[in-house]
Structure formats: C-alpha cells, structure tokens
Amino acid sequence: DTNQLIFSNNKANEILGYSDAEFASNWKQYIHPDELQKNIDYQNSTTTNTEETQFSIEALVRHKTKGYIWCLNKTIIFERDENLKPTKTLELISDINESKLSNDRIREQQNFIENISSTIPQYLSVYDLISKKSIYTNFDNKLIFGYTKQEYLQKSNYLIHPDYREKTIYLADKMMNFKTSNASNAIEFQILHKTKGYVWARLKLLVTERNKNGKALQALEII
C-alpha cells in the first residue's frame with residue numbers, strides 16, 4: 001500500500017552495484033532509454049492486475065561501474081486487498097547478461113550460416129550436441145542422397161555402410177569431444193543412396209560453440 005521496500009537480501013548491490021534503497025527509489029534512471037517505457041508498463045501492470053500472480057521481464061540496466069547489463073526481473077504477487085489489487089509483491093532480479101549475449105551470438109552465427117548455406121551445393125546441418133538434434137539444415141526443400149530431410153535425419157547413421165559405420169560414428173564423436181582445436185575435420189565413408197546404391201561421401205565437422213571448459217556444444221556438419 002505504501003510503495004515501500006520492507007525487506008531485501010541486498011542482491012541489487014551484488015548484481016548492479018547499487019544499494020537496495022538507492023536502486024528502488026531511482027530505478028527508472030538506471031533502465032536503458034530504449035527499454036524504459038516497456039518497464040514502466042510492466043510495473044504498472046504488476047500493481048493493477050487482479051488476476052495474474054507472476055510476471056517477468058528482461059531489461060538492460062546500467063550497472064554502477066560496468067555499463068549496461070541484461071537483467072531478468074520476476075514479480076510475484078502474494079497479498080491483495082478486498083478489491084484484489086496487489087498490496088505486496090516479491091521482486092526477484094537476476095543477472096542474465098552472459099546467457100543473453102551468448103544466445104545473441106548463437107542467433108547471429110546461425111543467421112550467417114543460413115545466409116551462406118543457401119548458395120552452396122553441399123549439405124549443411126547445425127547439430128546441437130546437448131539435445132542431440134539438428135537445429136538447422138539447408139536441405140529442407142531438396143533431397144539428400146535421394147532422401148527427404150525427415151527420412152535422412154531419422155536414418156542417417158544406419159545408411160552408412162556396415163564396414164564404415166562404427167569407425168565413422170567413433171571418429172565423429174571423438175572430434176566433437178576434442179577440446180583443443182576448432183579446426184574442421186573430414187571423414188570419408190560410403191552411404192546408401194536411395195536409388196543408386198552405396199556412394200562415397202565426405203563429412204566435415206567444425207565445432208562452432210564450446211562452453212568455458214572447452215566442451216563442444218554445437219557443430220557444423222558439411223557433407
């Protein structure tokens with residue numbers, strides 16, 4: 001009811017460099033101008049909404065010494081008056097700068113790959129090693145070894161000639177887990193074409209994203 005801060009665990013100081021009282025009383029001046037109106041609308045909605053109990057928003061906030069960083073603000077309403085107007089809320093602020101910038105870099109990387117891949121004859125696939133899924137290919141509307149995209153992605157390992165299958169899968173896995181190099185690597189093997197029988201193919205692998213420990217997270221496959 002009083003728009004006062006009644007408890008804090010001092011995280012604003014840890015995340016943004018300001019005291020909680022300093023940030024709470026002047027929060028608008030720390031929000032990036034491009035993000036300000038969106039955040040004002042967000043705050044208004046959390047104080048007037050009579051139905052929802054949880055809200056969240058991302059914003060660029062000016063750190064006291066580090067410039068603007070991305071933060072996530074979550075609001076939980078836990079007390080209302082007789083008209084259901086929120087009277088007490090819990091505000092949770094998280095530093096998401098690293099993950100936000102990482103996601104932006106991934107999107108830029110994928111856009112770059114998509115722009116160039118549509119102009120080359122090779123088959124490209126961006127493979128996510130965490131989910132074990134292909135997250136982009138350039139053969140959505142064309143056949144690869146006579147197969148549709150769905151057919152190929154479902155059967156690709158089983159299409160490799162039995163004499164090469166185990167070795168090819170082993171070498172591909174080994175290269176993905178090699179932490180000290182980003183250089184592309186090539187494997188030659190025979191693969192079963194849908195109408196032409198076994199044909200020779202060359203698979204090149206390029207690790208495009210690693211975590212801080214050097215473990216491969218994403219790879220570009222070129223066939």
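Tutor: His 32 lies in the loop between α2 (20–30) and α3. The model is predicted.

Student: What does His 32 touch beyond its sequence neighbours?

Tutor: Not counting residues up to four places away in sequence, His 32 touches Leu 60 and Tyr 68.

Student: How far apart are His 32 and Val 61, in sequence and in space?

Tutor: They are 29 residues apart in sequence. C-alpha to C-alpha, they are 5.9 Å apart in space.

Student: Move on to Glu 35. Where is Glu 35 placed?

Tutor: Glu 35 is in helix α3, residues 33–48.

Student: Why is Glu 35 called buried?

Tutor: Its relative accessible area is 11%. The cut-off for buried is under 20%. Glu 35, at 11%, therefore counts as buried.

Student: What makes Glu 58 a contact of Glu 35?

Tutor: Contact requires heavy atoms within 4.5 Å. Glu 58 meets that test, and the other contacts of Glu 35 are Ala 59, Leu 60 and Trp 70. Neighbours within four places in sequence are left aside.

Student: Now Leu 84. Why is Leu 84 called partly exposed?

Tutor: Its relative accessible area is 43%. Buried is under 20% and exposed is over 50%, with partly exposed in between. The 43% of Leu 84 falls in between, so the label is partly exposed.

Student: What makes the phi of Leu 84 worth a remark?

Tutor: Most residues other than glycine have a negative phi. Leu 84 is not a glycine, yet its phi is near 70°, a positive value.

Student: Where does Leu 84 sit?

Tutor: Leu 84 is in the loop between β2 (67–80) and β3 (86–95). These two strands form a hairpin with five residues between them.

Student: How do you know that β2 and β3 pair?

Tutor: Pairing takes at least two bridges. Nine bridges join β2 to β3, so the two strands pair. They run antiparallel. Within this pairing, Lys 74 stands opposite Leu 92 in β3.

Student: Which other non-glycine has a positive phi?

Tutor: Phe 145, with a phi of about 55°. Phe 145 is in the loop between β5 (133–137) and α5.

Student: Why does Phe 145 count as buried?

Tutor: Phe 145 has 12% relative accessibility. The limit is under 20%, so Phe 145 is buried.

Student: What is the place of Phe 145 in the largest nonpolar core?

Tutor: Phe 145 is one of the residues with the most contacts inside that core, which has 16 residues. Others in that group include Ile 144, Tyr 152 and Phe 189. The elements that give two or more residues to the core are α5 (149–159), β6 (185–193) and β7 (197–210). Apart from it lies another core, of ten residues, among them Tyr 18, Phe 23, Tyr 30 and Cys 71.

Student: What does Ile 144 contact?

Tutor: Tyr 123, Phe 139 and Tyr 152, leaving aside neighbours within four places in sequence.

Student: Last, the second largest pocket. How much space lies in it?

Tutor: About 800 Å³. The pocket is lined by 33 residues, and those closest to its centre are Tyr 127, Ser 156, Asn 157, Ala 172 and Glu 221.

Student: Which element gives the largest share of that lining?

Tutor: α5, with seven residues.

Student: How does the lining of the second largest pocket divide by class?

Tutor: It has 20 nonpolar, seven polar and six charged residues.

Technical notes: Residues numbered from 1 in each chain as written. Predicted model: local features only at pLDDT ≥ 70, side-chain atom pairs only at ≥ 80, totals over all residues. Heavy atoms only, no water. Helix = DSSP H or I, 4+ residues; strand = E, 2+ residues; numbered from the N terminus. Buried < 20%, exposed > 50% of the residue type's maximum accessible area, 1.4 Å probe, protein only. Core = buried A, V, L, I, M, F, W, Y, C linked by side-chain atoms within 4.5 Å. 1 Å grid on protein atoms, 1.4 Å probe; cavity = no way out; pocket = protein on both sides within 12 Å on 5 of 7 lines; lining within 4 Å. Points joined across faces, edges and corners; volume = space filled by probe spheres on them. Nonpolar A, V, L, I, M, F, W, Y, C, P; charged D, E, K, R; others polar.
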